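Colleague: I want to learn how to read a ligand site. Can we go through one together?

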Amino acid sequence: MNAPGVLYVVATPIGNLDDISSRARTILGGVALVAAEDTRHSGQLLAHLGLRTPLLALHEHNEAARVEALLARLAGGESIALLSDAGTPLISDPGYRLVAAARERGFTVTPIPGACAAITALSAAGLPTHRFRFEGFLPARAAARRTRLAELQHCPDTLVFYEAVHRVGEMLDDLAAAFGEERQACVARELTKLHESFYWGTLAAVRAQLAADPGGGRGEFTLVVAGAPEARAGDAELGRVVQLLGEELPAAQAARLAARITGASRREAYALALRAGTEPGS
Ligand code: SAM
């Protein structure tokens, strides 16, 4: 009996065809079948590489129905390369069902890494990268999108969004409304392509730069937005102490004691006491 085939998850360029890896090229030429999101699109890539590997369409509408047939081919010893139109499959692209099913049945799944717009944008955005959160596409409906942004308002991680060109302006407005115009951001347009551009600064500045760029209304966009400033560890404690003392004492006295207990500055404690309206009887 044949050894089972391998499912290769192959990343392809997000614009510049030179970004295909030589390993990806070898795999695409060696497998029995390429399962592609769009066979015409991936056919052009294969032709560019001088390859004639057979293609089969695997997109979000037929993935569930095709999984069994593809697993049967793996079982029969044929290796398969999974491709999306651009970048890394499964990242806001089809393929999850196939990869999960292949793992469940014990087939070998091998990633062939390469371009991914989120990571490419993040690597050049000049925003913190030690912790980031990939949000992909937010809902197209304005109300649902704003609800999600409200949930993310206090997230301290750098946020990465994909967005369709016709919604980028609206998305920037929603981001500014939810996070404040002063939040730092970087919008990456047409990464790795001829008109690659970055718009960087506060959300208000990014919006203005994009509006001023004659090419700013065209292309593909990835948005990177800084996380919310981390609340200092002592802030919550100071607030709690000010609140408790303020229930019994005048604001100035509550602030003086709270500052001594927590080590915070008296001015900070007093401002908190006033904001909380802790004056007895207030
Ligand atoms: N799987 C892909 C990846 O690994 O990046 C992403 C696929 S998703 C359907 C397509 C979205 O990715 C675009 O709408 C855009 O937000 C982002 N994108 C793809 N190529 C890009 C590029 N060259 N420059 C900026 N953003 C890009």
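Colleague: How far apart do the C-alpha centres of domain 2 and domain 3 lie?

Modeller: They lie 38 Å apart. Keep in mind that this is a predicted model.

Colleague: Which domains is the protein chain divided into?

Modeller: There are domain 1 (6–115), domain 2 (118–225) and domain 3 (233–275). The bounds come from an automatic or database domain assignment.

Colleague: Where does the ligand lie, and why there?

Modeller: Look at who gives residues to the shell. Domain 1 and domain 2 both do, so the ligand lies between them. The ligand also sits in the largest pocket.

Colleague: Which elements give two or more residues to the shell around the ligand?

Modeller: Strand 7 (158–163) and strand 10 (221–225) do.

Colleague: How many residues surround the ligand, and which are the closest?

Modeller: Count residues with a heavy atom within 4 Å. Here 19 residues surround the ligand. The closest are Thr88, Ile91, Asp93, Ala117 and Phe221. Next, sort the shell by class: 10 residues are nonpolar, 4 are polar and 5 are charged.

Colleague: What about polar contacts?

Modeller: Look for pairs of N or O atoms within 3.5 Å. A polar backbone atom of Thr88 is 2.8 Å from an oxygen atom of the ligand. In Tyr162, a side-chain N or O atom is also 2.8 Å from a ligand oxygen atom. For a nitrogen atom of the ligand, look at Thr222: a polar side-chain atom lies 2.9 Å away.

Colleague: How much of the ligand does the protein bury?

Modeller: Start with the ligand taken alone, which exposes 580 Å². The protein buries 90% of that.

Methods. Residues are numbered from 1 along each chain as its sequence is written. This is a predicted model: local features need pLDDT of at least 70, side-chain atom pairs count only at pLDDT 80 or more; totals for chains, interfaces and linings use all residues. Side-chain values use heavy atoms; hydrogens and water are left out. A polar contact is a pair of N or O atoms within 3.5 Å; within protein, one must be able to donate a hydrogen and the other to accept it, and residues adjacent in sequence count only if both atoms are side-chain atoms. Accessible areas come from the Shrake-Rupley method with a 1.4 Å probe; for residues, only the protein chains shown count as cover. On a 1 Å grid over the protein atoms alone, a cavity is a set of points where a 1.4 Å probe fits but cannot get out, and a pocket is an open set with protein on both sides within 12 Å along at least five of seven lines; lining residues have an atom within 4 Å of a point. A molecule sits in a cavity or pocket if more than half of its atoms lie within 2 Å of its grid points. Helices (H or I, at least four residues) and strands (E, at least two) are DSSP runs, numbered from the N terminus. Ala, Val, Leu, Ile, Met, Phe, Trp, Tyr, Cys and Pro count as nonpolar, Asp, Glu, Lys and Arg as charged, and the others, Gly among them, as polar.
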